[in-house]
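Reader: I would like to learn how to read contacts, a core and strand pairing from a set of coordinates. Where do we begin?

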Amino acid sequence: MYSKEVVVRCESGLHNKQATYFVQKANEFDSSIYMESEHRKMNAKSLLGIMSLGIVTGAVVTLSASGSDAEAAVNALESLLQQDVY
């Protein structure tokens with residue numbers, strides 16, 4: 001398992017389009033990927049799960065993945081949380 005603590009820097013947090021892009025990116029990987037915030041852990045491949053976390057700019061989240069491409073998945077998703085994609 002590979003995990004990393006990340007500060008969300010995208011201006012919109014993880015809502016609407018940003019969350020959609022995040023989940024689409026997560027689904028490109030074979031690994032099981034999870035996001036944890038305030039002791040709530042959700043599957044990063046679930047749009048409803050990610051949106052239910054209510055992630056805002058400046059929030060600290062933990063990304064974790066297990067599988068053959070775990071490190072690449074966490075690093076790619078971390079990068080996505082650092083910028084607005086639209």
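Author: Begin with contact, which means heavy atoms within 4.5 Å. The model here is predicted.

Reader: Which residues does Met 35 touch, not counting residues up to four places away in sequence?

Author: Met 35 touches Leu 14, Phe 22, Arg 40, Lys 41, Met 42, Ile 50, Leu 53, Ile 55, Val 61, Thr 62, Leu 63 and Leu 81.

Reader: How does one get from such contacts to a core?

Author: A nonpolar core joins buried residues of nonpolar type through side-chain atoms within 4.5 Å. The largest one here has 25 residues, and those touching the most other members are Phe 22, Ile 33, Met 35, Ile 50, Ile 55, Leu 63 and Leu 81. At least two residues of this core come from each of helix 1 (16-26), strand 2 (32-37), strand 4 (60-66) and helix 3 (70-80).

Reader: Which helix gives the most to this core?

Author: Helix 3, with 5 residues.

Reader: What are the buried residues of helix 1, and what covers them?

Author: Gln 18, Ala 19, Phe 22, Val 23 and Ala 26 are buried. They lie on the same side of helix 1, because their arc around the axis is only 130°. The cover over the buried residues of helix 1 includes strand 2, helix 2 (47-52), strand 4 and helix 3.

Reader: How many bridges join strand 4 to strand 1, and how many to strand 2?

Author: Strand 1 (residues 2-7) and strand 4 run antiparallel, joined by 6 bridges; Glu 5 has Thr 62 as its bridge partner in strand 4. Strand 2 also runs antiparallel to strand 4, with 5 bridges.

How values were computed
Residues are numbered from 1 along each chain as its sequence is written. This is a predicted model: local features need pLDDT of at least 70, side-chain atom pairs count only at pLDDT 80 or more; totals for chains, interfaces and linings use all residues. Side-chain values use heavy atoms; hydrogens and water are left out. Buried means under 20% relative accessible area, exposed over 50%, partly exposed in between (1.4 Å probe, protein chains only). Helices (H or I, at least four residues) and strands (E, at least two) are DSSP runs, numbered from the N terminus. The arc is that of the directions from the helix axis to the C-beta atoms. Two strands pair if DSSP finds at least two bridges between them.
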